Amino acid sequence: MRYDAGVGAQEHLRVETRRSENRVVLHLTGELDLASSSILERALEDADVSSAPLLVLDLDELKFVDSTGLRVILLAHERARERGQEFAITPGSQQVQRLLSITSVAEHMRVLASPDDLSA
Amino acid sequence: MNLALVEKPFRHEALFYSGEDDFLRGTLPFLLGALRAGEPVLVALGEHRAELLRQALGRDAERLRFLEPQALANPARTTSTWREFLTEHAQNAGVVRGICEVAWPGRSAAELEECERHEALLNEAFAEGPAWHLLCPYDLEALGAETIAAARRCHPAPMQEGVAGHSSTYGSPKRAPGPFSGSLPSPPPEHEGLAFTSRGLGAVRSLVAQHGARAELAEAAREDLVLAVNELVTNSVQYGGGGGTLRIWHEPGALVCDVRDRGFIEDPLAGRIPPPLDQYGGRGLWLVNQLCDLVQIRSSPEGTVARVRMRTGERPTCASA
């Protein structure tokens with residue numbers, strides 16, 4: 001039996017927020033799970049996020065996401081919708097795409113090929 | 001057909017057959033009747049039986065929908081399948097029909113046990129709702145007496161050799177085991193164990209990935225198993241007392257992961273209903289059922305064990321009977 005103290009959430013997920021004229025992009029790197037979800041939640045509360053016409057979650061460097069991470073993504077999508085903001089994601093790794101597809105979430109979200117893309 | 005048997009919206013009927021002719025005698029009228037009446041049908045059979053039906057039906061087979069056999073691997077997944085089919089055809093005035101053989105010959109004892117629990121739960125899951133008729137074939141020649149007895153217990157209206165009957169052994173729900181009752185055999189001595197808390201999720205995923213690589217699981221299957229075990233340990237952290245214990249071992253033909261915690265799952269339908277899109281959380285167990293080849297959960301006020309297996313080596317579709 002091994003006991004593992006685990007790594008701190010900060011080393012698990014990094015979120016970089018980049019604001020431009022027509023959008024705000026949250027670039028995720030690492031793993032989005034129960035331990036790191038709060039990092040994304042806090043980033044989403046940033047004032048810059050709600051004021052942009054388009055919110056993009058860039059998942060391309062997200063190595064792993066689970067149902068708790070999906071919950072944060074779904075909530076972000078819903079909140080954007082409520083304030084009349086556009087919302088999109090980038091496809092992410094195989095693992096990310098697998099989760100989004102098996103839960104049928106992917107078909108209900110706008111997916112951009114890259115975070116600065118103009119087309120859906 | 002004895003119409004007096006249709007007391008509830010869900011008509012759950014077993015077909016006990018001996019041999020291929022018998023199988024066709026029991027299934028063809030059911031299917032042709034549905035086609036004549038314009039009723040939607042979903043056929044969920046192993047490859048061999050599906051092929052038998054297709055050949056017997058000829059061109060009519062094109063008007064039926066066949067579920068891909070791999071979808072039947074984990075019995076717990078099947079409840080969702082039927083719910084989705086019913087929802088899809090909610091507007092149809094006719095009765096929805098299905099044929100489903102989850103307990104095919106060649107399944108392991110562990111799989112057959114889960115099949116029995118699943119079948120019993122169907123009666124509860126569909127007690128209210130749209131009218132539909134599900135026919136479940138059981139091969140009398142190849143299945144054991146226990147499996148057949150269990151089938152009689154959970155099907156209210158069995159059909160044998162094409163004649164509708166009435167099961168004298170169909171019991172109240174209290175007699176059939178709940179889906180999470182009882183216990184599982186202990187893990188083998190050669191296993192790797194890891195106790196975890198909320199800070200150990202990454203370590204859990206790494207360990208599962210390592211064993212997946214050692215078992216030579218294909219990348220997609222390995223990722224699925226990592227995700228499934230991650231969901232289980234996350235549930236342990238959130239609902240099972242803050243943590244638990246993971247045990248992993250290799251069996252011929254499967255990689256097994258066993259997660260124990262102090263939680264208690266009270267909802268018999270937990271993990272069997274696909275959560276709607278506007279439900280943000282609570283998808284964990286449902287996901288586990290979609291991702292793994294077999295999921296065995298045993299839960300009581302003393303705690304919960306969730307054991308999942310992923311097939312290694314060649315991944316077969318159903319055994320040909």
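A:Ser104 counts as partly exposed because its relative accessibility is 29%; buried means under 20% relative accessible area, exposed over 50%, and partly exposed in between, judged with a 1.4 Å probe and protein chains only. This residue lies in the segment after α4 of chain A, and its phi is near 60°, a positive value in a residue other than glycine. Most residues other than glycine have a negative phi.

B:Glu216 likewise has a phi near 60°, which is positive in a residue other than glycine. The loop between α6 (201-214) and α7 of chain B holds B:Glu216, and with a relative accessible area of 69% B:Glu216 is exposed.

## Basis of the description

This is a predicted model, in which local features need pLDDT of at least 70 and side-chain atom pairs count only at pLDDT 80 or more, while totals for chains, interfaces and linings use all residues. Residues are numbered from 1 along each chain as its sequence is written, chains are lettered from A and ligands numbered from 1 in the order in which they are written, and side-chain values use heavy atoms, with hydrogens and water left out.

## Chain A as a whole

Chain A has four helices and five strands. Helices (H or I, at least four residues) and strands (E, at least two) are DSSP runs, numbered from the N terminus. From that end on, the order of elements in chain A is β-β-β-α-α-β-α-β-α.

Of the 120 residues of chain A, 49% count as buried. Chain A exposes about 5800 Å², and carbon and sulfur atoms supply 46% of this area, as computed by the Shrake-Rupley method with a 1.4 Å probe, where for residues only the protein chains shown count as cover. Among contacts in chain A (heavy atoms within 4.5 Å) between residues at least 6 apart in sequence, 69% join residues at least 24 apart.

## Helix packing

Within chain A, the axes of α1 (residues 37-44) and α3 (residues 67-82) come within 9 Å and cross at roughly 15°. Axes are lines fitted to C-alpha atoms, for helices over the stretch in contact, and angles run from 0 to 180 degrees between N-to-C directions. α1(A) and α3(A) are therefore roughly parallel to each other, a term for angles under 35 degrees. On the α1(A) side, A:Ser37, A:Leu40, A:Glu41 and A:Leu44 meet A:Thr68, A:Gly69, A:Arg71, A:Val72 and A:Ala76 of α3(A).

Between the chains, α4 (residues 94-102) of chain A and α7 (residues 219-239) of chain B pack at an angle of about 65°, with axes 10 Å apart. A:Gln94, A:Gln95, A:Arg98 and A:Leu99 of α4(A) make this contact with B:Glu223, B:Asp224 and B:Leu227 of α7(B).

## Two buried residues

A:Asp66 is located in the loop between β4 (54-65) and α3 of chain A and is buried, with a relative accessible area of 0%. Not counting residues up to four places away in sequence, A:Asp66 touches residues of both chains, including A:Leu32, A:Leu99, B:Leu227 and B:Asn230. The C-alpha atoms of A:Asp66 and A:Leu32 are separated by 6.8 Å, although the two residues are 34 residues apart along the chain.

B:Thr147 belongs to helix α5 (residues 145-154) of chain B. With a relative accessible area of 17%, B:Thr147 is buried, and B:Thr147 touches B:Ala103 and B:Leu112, not counting residues up to four places away in sequence.

Technical notes. Parallel < 35°, antiparallel > 145°, perpendicular 65-115°, else oblique.
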